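Please find below a briefing on one protein structure. The sequence and the model are shown first.

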Amino acid sequence: MKLKHFWALLFLGGTLLAGCSTTTLSGSWKSPDYTRQVKKIYIVGISKQETSRRIFEDEFHRQLSIHGVTGLSSYKEMPDSAKVNEAKIAKNISGNGADSVLMTNVTGRRTEEVVNPGRVMSYDTSPYYGERSYNRFYDSYYNQRRELIYEPATVSQFTIVTIEANLFDAQTKEMIWSAQLETVVESNIQTLITDFVKVVIKDMSSKGLI
């Protein structure tokens with residue numbers, strides 16, 4: 001997936017994004033003053049590609065439901081991201097009885113390289129196996145053949161996007177949880193979103209929010 005497509009996954013407040021995990025958690029914080037659990041989270045995704053936005057919000061809804069939490073997909077009430085604004089979001093949060101709202105912002109990006117050094121491997125192609133005789137020149141030099149295979153060094157580049165995810169209390173508008181994450185841009189958008197949501201929800205659960 002090209003980076004410009006990744007940036008098309010926008011979230012409220014700026015930009016929302018859209019083996020091993022593609023997303024890692026670099027740090028998180030929870031307000032010590034917030035002691036309740038959230039039950040209804042309003043998810044707002046703003047994107048030029050509405051399909052990506054819907055995949056993101058629906059995936060959040062799916063994974064939150066496993067924890068007994070309702071994830072409210074905003075695209076059902078605000079299908080056009082270009083027309084989403086703070087007033088509409090506030091009205092829908094109140095109308096749906098949401099107790100919190102999740103906002104995510106892309107804060108940076110970088111490109112890294114992984115170098116895999118070349119190597120040489122060999123294997124025996126001699127016509128004789130088991131016990132051998134090395135008494136003659138022919139036996140010792142011509143019948144004991146080995147093939148060499150050379151694998152050249154390779155350099156792989158990949159893009160890492162840093163993201164900040166914030167959860168706010170719907171009534172007080174105070175931040176109750178925040179996390180910093182890094183996501184490796186990969187070709188499968190569904191896998192990328194699924195993994196990102198999984199890491200976010202796992203940390204929220206570990207903090208006692210859900």
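The points that follow concern a predicted model and are grouped by topic.

- Six strands form an open sheet with mixed pairing, in the order 1-8-7-4-2-3.
- Strand 1 (23-30) and strand 3 (70-73) are the edge strands; each has a single partner strand, so one side of each is left without a neighbour in the sheet.
- From one strand to the next, the twist averages 25°.
- Four bridges join strand 2 and strand 3 in the parallel sense, and I43 has S73 in strand 3 as its bridge partner.

**Helices on the sheet**
- Helix 3 (residues 86-96) packs on the sheet and touches strand 2, strand 3 and strand 4; the direction of helix 3 makes about 155° with that of strand 2.
- Helix 5 lies across strand 1, strand 2, strand 4, strand 7 and strand 8, and runs at about 145° to strand 8.

**Nonpolar cores**
- The largest nonpolar core has 28 residues, of which I41, F60, L167, W177 and M204 touch the most other members.
- Elements giving two or more residues to this core include strand 2 (40-43), helix 2 (50-66) and strand 7 (154-169); helix 5 gives the most, with seven residues.
- Beyond its neighbours within four places in sequence, L167 is in contact with residues including V38, I41, V101, W177 and M204.
- Another core, of eleven residues, lies apart and has Y42, I89, A98 and A170 among its members.

**T194 in helix 5**
- T194 lies in helix 5 and counts as buried because its relative accessibility is 19%, under the 20% cut-off.
- The side chain of T194 reaches the backbone oxygen of Q190 at 2.8 Å.
- Leaving out residues up to four places away in sequence, T194 touches E59, R62 and Q63.

Terms used
Residues numbered from 1 in each chain as written. Predicted model: local features only at pLDDT ≥ 70, side-chain atom pairs only at ≥ 80, totals over all residues. Heavy atoms only, no water. Core = buried A, V, L, I, M, F, W, Y, C linked by side-chain atoms within 4.5 Å. Buried < 20%, exposed > 50% of the residue type's maximum accessible area, 1.4 Å probe, protein only. Contact = heavy atoms within 4.5 Å. Polar contact = N/O pair within 3.5 Å; in protein donor to acceptor, adjacent residues only side chain to side chain. Pairing = 2+ DSSP bridges. Axes fitted to C-alpha atoms, helices over the stretch in contact; angles between N-to-C directions.
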